[in-house]
Amino acid sequence: MEQSTDNEIANWLIGRIKIQGQRDTMHFELIYYNDILVGFAMYAIDLGGVRGIIESGYGYIMETYIMPDFRRKGIASDVFIHMEDTLKLQGARRIYLTPDSVRGVPFWESVGFSDCRKIDPNNNMPIYIKDVGER
């Protein structure tokens, strides 16, 4: 698998931040723990859905990242509760994501997501769904 360059990653993030500035239902948030930047989260109300699989209006978690030294401290769980509450206030009844199969699936299953047995045609990864408010 080819690694992205720092420049490619920076350009992708700049593009996402520009999009976020145009919509109040798209979020790019930095995550701090004891005043230390430890990660970021990107999530939104999906306006387009996923070609015949996911309806528009679902919450969509695009990316969540916590630096390795800060994992297993409950940070990601707290961030997820925040994302879920925000998406619920913006009208989402369900949330979906396509988790990393190694680290992502166990975490997302632990907060209530389950494999809907469909594949996202955009990234060829399984789609996981959770009803908002089920904890």
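Predicted model: local features only at pLDDT ≥ 70, side-chain atom pairs only at ≥ 80, totals over all residues.
Six strands make up an open sheet in the order 1-2-3-4-6-5, and the pairing is mixed. Strand 1 and strand 5 are at the edges with a single partner strand each, so one side of each has no neighbour in the sheet. On average, neighbouring strands here are turned by 30° against each other, ignoring direction. Inside the sheet, strand 4 and strand 6 pair in the antiparallel sense over four bridges, and R94 has D131 of strand 6 as its bridge partner. Helix 2 lies across strands 1, 2, 3, 4 and 6, and runs at about 30° to strand 2.

Now zoom in on I129, which sits in strand 6. Is I129 buried or exposed? I129 counts as buried because its relative accessibility is 18%, and buried means under 20%. Beyond its neighbours within four places in sequence, I129 is in contact with several residues, including I54, Y58, R94 and F113. G112 is another of these contacts; the two C-alpha atoms are 8.4 Å apart, though 17 residues separate I129 and G112 in sequence.

Last stop: the largest pocket, with a volume of about 1,300 Å³. Of the 39 residues lining this pocket, E63, T64, D100, G104 and W108 are the closest to its centre. Strand 3 gives the most to the lining, with seven residues. Here is how the lining divides up:

| Kind of lining residue | Number |
|---|---|
| Nonpolar | 21 residues |
| Polar | nine residues |

Methods. Residues numbered from 1 in each chain as written. Heavy atoms only, no water. Helix = DSSP H or I, 4+ residues; strand = E, 2+ residues; numbered from the N terminus. Buried < 20%, exposed > 50% of the residue type's maximum accessible area, 1.4 Å probe, protein only. Contact = heavy atoms within 4.5 Å. 1 Å grid on protein atoms, 1.4 Å probe; cavity = no way out; pocket = protein on both sides within 12 Å on 5 of 7 lines; lining within 4 Å. Points joined across faces, edges and corners; volume = space filled by probe spheres on them. Nonpolar A, V, L, I, M, F, W, Y, C, P; charged D, E, K, R; others polar. Pairing = 2+ DSSP bridges. Axes fitted to C-alpha atoms, helices over the stretch in contact; angles between N-to-C directions.
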